[in-house]
Amino acid sequence: MSGSSLLPDLDPLAAFRVPFLPPTFYYIPNFISEEEEISILQKIPSQRWVTLSHRRLQAHPSTLTASNTLLAAPLPPYLVNPVIERLKALKVFKNTPHKEPNHVLINEYKKREGIMPHEDGSAYADVVATVSLGASICLEITQKPGNGHNEDSSRVEREKKAEGKSAGGKGSKNDGEDNDEYEGATATPSQTHASQYKIPTRILQEPRSLLITTLSAYTDLLHGISPIGVDENLSPDTVANWFLLAEPDLFEEAGGKNERSTRISLTYRDVLKVSSAASKVLGGLGKR
Ligand SMILES: O=C(O)CCC(=O)C(=O)O
Ligand SMILES: [Fe+2]
């Protein structure tokens, strides 16, 4: 029905699409309230962190098995409410196998910490919803090395690809969980990107915001966070989601700078392979 200008746009995400990027990035400022942010931060268990070289991380309900299988278990309530209810209202995971997230990776970045440019792995459906807590940070979006810029990128091509694509990342090497390094050898040719998009670019993630990345954000592009103390030169020209920001004035008044401080991200995902049998076996063993 989107063809008629008399009808409202029925896609609840349409207003939040990040411009200058393929239609696979959505940014929603103030997705949660300050009270909700504080409440979630207080409930993240301090004993669950795994320290990596440039960040700390924890997986809920658990780390995936070696074969990228999730042992079925509920997410803790503080990760369900209010976030998952709101993701459902926005139909964020409507095309993924389980229709809702079943796994959350929590990342913590202190000042000067980051994550190498990477794509998220084939363990997950190709939708990630990231809630930012505590501080702002810039996510850098870059082209995957080896991707052509000159190939057909017409609207028709892109829509065909988006329509034909069912959930499920393809060909990615990195699960974002235990290996930050991008392995460029897996690059596949891009049919989606050309000069109408501004890539590389940055997405400024404010505290309490939601960033949704889907489809070609997974297959054709890389995302990463520079391990720096200050994000600089922030402006409408250099930040793709500038006009979606809750408080662009804060960065303008600071001379286009964002002084980093500890930022936590909750990355909601749908793991493709879920084993309830395995969890029963483990649960049984645990009781002995
Ligand atoms: O913290 C973020 O916003 C990005 C994290 C990420 O890319 C990942 O966990 O795969
Ligand atoms: Fe990632």
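**Exercise 1.** List the residues that Glu37 touches, not counting residues up to four places away in sequence.

*Solution.* Glu37 touches Ile32, Leu133, Pro207 and Arg208 when residues up to four places away in sequence are not counted, two residues being in contact if their C-beta atoms, placed from the backbone, lie within 7 Å. This is a predicted model, in which local features need pLDDT of at least 70 and side-chain atom pairs count only at pLDDT 80 or more, whereas totals for chains, interfaces and linings use all residues. Residues are numbered from 1 along each chain as its sequence is written, and chains are lettered from A and ligands numbered from 1 in the order in which they are written.

**Exercise 2.** Describe the largest nonpolar core and the surroundings of Ile203.

*Solution.* The largest nonpolar core has 57 residues, and Val18, Tyr27, Ala129 and Ile203 have the most contacts inside it; such a core is a set of buried Ala, Val, Leu, Ile, Met, Phe, Trp, Tyr and Cys residues joined through C-beta atoms within 7 Å. Strand E7 (residues 127-133) supplies the largest share of this core, 5 residues. Beyond four places in sequence, the residues that Ile203 touches include Val18, Phe25 and Tyr27.

How values were computed. A residue is buried if 20 or more other C-beta atoms lie within 10 Å of its own, exposed if 12 or fewer, and partly exposed in between; C-beta atoms are placed from the backbone. Helices (H or I, at least four residues) and strands (E, at least two) are DSSP runs, numbered from the N terminus.
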